[in-house]
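Please look at the sequence and the 3D structure below before reading on. The text then goes from the whole chain to single residues.

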Amino acid sequence: MSDNHVLSLDFDREYPRIVRGDRIYMYTEDGTEIVDGASGPVLVSLGHGIDEIADAVRDQTKKIAFVHRDDCVTPVLEESCKTFTEASNGDMYATFQVCGGSEANEIAIKLARNYHRFRGDQTKYKIIARWQSYHGSSMGVMAISGFSSRREGYEPYLFEHGHVAPCYCYRCWFGKEPGTCGLECAQAVEDEILAQGPDTVAAFIAEPISGMSLCAAEAHPDYFKRVREICDKYNVLLILDEVMTGWGRTGKMFAYQHYGIVPDMVSTGKAVSGGYYPLAAVSVTKKFYDGYHETGAKFKPGYSWSGNPTGAAAQLAAYKYLNEHDLLENCRVQGEYLKKRISEIAEKHPIMGDIRGKGLMVGIELVKNKETKEPFAPKLGMASQVQDECLEVQNMIIEASSGCFKGTQGDALVISPAFVITKDEVDMIVDKLDKAITAVEERNGVK
Ligand SMILES: Cc1ncc(COP(=O)(O)O)c(C=O)c1O
């Protein structure tokens, strides 16, 4: 029996043992440097080793271990929630903090259901979502997620309220092109609301820019405007899941700001605390808040660890660091450069089919044939091959995913380093990626 008592993803794999980190680098016990080209699971947004945030966590826990939000509130939580309003330029009014993105989306579902229920629309409960979306791993949010491989095996536990086609222009489910389409993917939302019965639908949830299921696929510029109109028409709440995109990752504080709309609720996580403490949140607009408040109903979400003062302290310090070092701007500038450089190397690599994403969240879809967009056979695991090559030979971590082609085939990668990255480090990451893709192409006989 092995000495390792960690229950890991892959029982048979030897993982690098990381002992410390600094900016975009992680170090093993023997001093090997690994480039964190993914920021963990697109999470350590500001980089490793920031004393100010670590100190804020320490100082807060020295003041008090924890307080329960059923009984008390803390100044640090109040101050932290206020920054969500500030960061959204006043779009969001009130915030509820939890410990992870899945919890945040569970809360969003409960809020949506209660909002309608207490306002007298008892029959409105369904949450419509999209295929090839990801909203988390607890059963409720896995039910609304449309990420086939992550749902696999758990289907008996998952409710089905309706899933619609994603907004995925590279492989439009309706066979259209972005410039000439009729936004059929947005129309699908209205069709589903009608098919389910508008009186039964509480909310529509989507990622403004897709996370790991479609690896940074951007929405058509007009998609969310049309979706917003449809939601308003049928009194359906619009929840945007910004667990991966929120707090700067796409070069704006929130990705919905790219699309000229305001959702009723935004869930955020990951980057919210810079990765220094488990934290996530649901924020709601003033309209939603007032609409709920005036019913006189209470909100009973559960979750012992919610409203955690330590998470709030980490968030405040991360937000301060982001602003003081102008990292939103650096994320935008370096993100554009990263995308440009990856697009340049894509020209010589036959398997690099589509380069997409905003800010420091750049997706690469791998294809067998660039002209026809034919995907590789899933058994080849092309994305995993590139990911493994990056780690094992280039000492760099990137994210890989499969199933972007209707859940059954399709390989893609995400490159998402921390916002502190420099131009030279972008070049270094692209160079490593270039070498890894060359090696995988050679190994697979691709010319
Ligand atoms: C868009 C999105 N929503 C929700 C989640 C779930 O968040 P967590 O893993 O913190 O529960 C994730 C995690 O990757 C995500 O990317």
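This is a predicted model: local features need pLDDT of at least 70, side-chain atom pairs count only at pLDDT 80 or more; totals for chains, interfaces and linings use all residues.

Residues are numbered from 1 along each chain as its sequence is written.

Start with the chain as a whole. Its secondary structure comes to 13 helices and 15 strands; helices (H or I, at least four residues) and strands (E, at least two) are DSSP runs, numbered from the N terminus. Along the principal axes, the C-alpha atoms fill a box of roughly 65 × 55 × 50 Å. A compact globule of 447 residues would have a radius of gyration near 22 Å, and the chain agrees with its 22 Å. That radius is taken over C-alpha atoms, and the globule rule is 2.2 Å times the number of residues to the power 0.38. Of the 447 residues, 51% are buried. A residue is buried if 20 or more other C-beta atoms lie within 10 Å of its own, exposed if 12 or fewer, and partly exposed in between, with C-beta atoms placed from the backbone.

The chain is divided into domain 1 (18-49 + 326-443) and domain 2 (53-324), with bounds that come from an automatic or database domain assignment. The centres of the two domains, taken over C-alpha atoms, are separated by 26 Å. How many residues of each domain are in contact with the other? The count is 33 residues of domain 1 and 29 residues of domain 2, where contact means that the C-beta atoms of two residues, placed from the backbone, lie within 7 Å. On the side of domain 1 that touches domain 2, strand 14 gives the largest share, six residues. That side divides into 16 nonpolar, ten polar and seven charged residues. Here Ala, Val, Leu, Ile, Met, Phe, Trp, Tyr, Cys and Pro count as nonpolar, Asp, Glu, Lys and Arg as charged, and the others, Gly among them, as polar.

Next comes the ligand. There are 16 residues around the ligand, and Gly100, Gly101, Ser102, Gly211 and Val243 come nearest; a residue is near a molecule if its C-beta atom, placed from the backbone, lies within 6 Å of it. Helix 4 (residues 101-118) gives the largest share of this shell, three residues. By type, the shell holds five nonpolar, nine polar and two charged residues.

Helix 8 (residues 223-233) has the buried residues Tyr223, Phe224, Val227, Arg228, Ile230 and Cys231. Seen down the helix axis, these fall within an arc of 165°, so they line one face of helix 8; the arc is that of the directions from the axis to the C-beta atoms. The face turned away from the buried side carries the exposed residues Glu229, Asp232 and Lys233. Among the elements that cover the buried residues are helix 7 (184-196), strand 7 (201-206) and strand 8 (237-242).

In helix 12 (residues 382-392), the buried residues include Met382, Val386 and Cys390. Their cover includes strand 12, strand 14 and helix 13 (423-443).

Last come backbone angles. Most residues other than glycine have a negative phi. Ser39, however, has a positive phi near 55°, and Val42 has one of about 55°. Ser39 counts as buried because it has 29 C-beta neighbours inside 10 Å, and Val42 counts as buried with 24.
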